[in-house]
Amino acid sequence: MSANSPQSTPVYATIGSRIGAYFLDVLLFGLVYALGFGLAFLGFMLGMRGSDSTAVFLMSLLYVVPLLAYGVYVVYVGGVKGYTPGKQILGLRVVDATTGQPLGVWRFILRNIVLGLIGNLTCGIGWIVLAVVANNDPRRQGWHDRAVNSVVIPASELNRPAPQSQTDPAAGVAKVPLLDSSNKSRPLH
């Protein structure tokens, strides 16, 4: 069976590559945060020549705009294209587990809310447990992936034919073998 055959096993991103993409995303967010802070400080220094309210407004504007722009960009490309900047650098995509298509903006947001709750409400311990659980899952799905039915795959898997389902679409229906007309034996009742 070739690697591109429809019945071949799908390839899912490793936990290490997913963690690496997450840390790249955090690093890139930190750079944007530092840029916003630097611009806010510059705005504060320039605004000190005027009134205090002008300085505070300019500082707030220069601080918030880069963070907001970066957030909108990440949500847009995450929902529409299936990657964050870190995942793009490492060649990963977040797609619907059933269709292989990007999740869409709202499901992407929900996925990240669940991921944030898992880590932040447990002071980071949830992320460690999540990595162990996802690593032991056949599709490497974490709880945040299961919440929105997503998987993380290498970008090279996007153009691969979808594997044929091994499950019976009519669950609960027993398969009954049909009699071959060329068979002369009579079925037992």
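**Salt bridges and core of the predicted chain**

In this predicted model, D96 is buried, with a relative accessible area of 9%. Its partner in a salt bridge is R107, and the closest N and O atoms of the two residues are 2.7 Å apart. Because R107 lies in helix α4 (residues 105-120) and D96 in strand β1 (residues 92-96), the pair ties together parts that are 11 residues apart in sequence. R107, at 28% relative accessibility, counts as partly exposed.

A search of the whole structure finds four salt bridges, including one in which the side chains of D145 and R111 meet at 2.9 Å, N to O. This pair links distant parts of the chain, with D145 in helix α6 (residues 143-148) and R111 in helix α4, 34 residues apart. D145 counts as buried at 0% relative accessibility, and R111 likewise counts as buried at 3%. A salt bridge also joins R146 and D137 (2.4 Å, N to O), where R146 is partly exposed at 41% relative accessibility and D137 is buried at 14%. Salt bridges with shared partners join R18, R111 and D145 into one network.

The largest nonpolar core is made up of seven residues, namely A13, A21, L92, V94, L103, V148 and V152. Leaving aside residues up to four places away in sequence, L103 touches G79, V94, V95, D96, F108, R111, V148 and S150.

Over the protein chain, the secondary structure comes to six helices and two strands, which run α-α-α-β-α-α-α-β from the N terminus on. Of the 189 residues, 30% count as buried, and among contacts between residues at least 6 apart in sequence, 67% join residues at least 24 apart.

Notes: Residues numbered from 1 in each chain as written. Predicted model: local features only at pLDDT ≥ 70, side-chain atom pairs only at ≥ 80, totals over all residues. Heavy atoms only, no water. Core = buried A, V, L, I, M, F, W, Y, C linked by side-chain atoms within 4.5 Å. Buried < 20%, exposed > 50% of the residue type's maximum accessible area, 1.4 Å probe, protein only. Contact = heavy atoms within 4.5 Å. Helix = DSSP H or I, 4+ residues; strand = E, 2+ residues; numbered from the N terminus.
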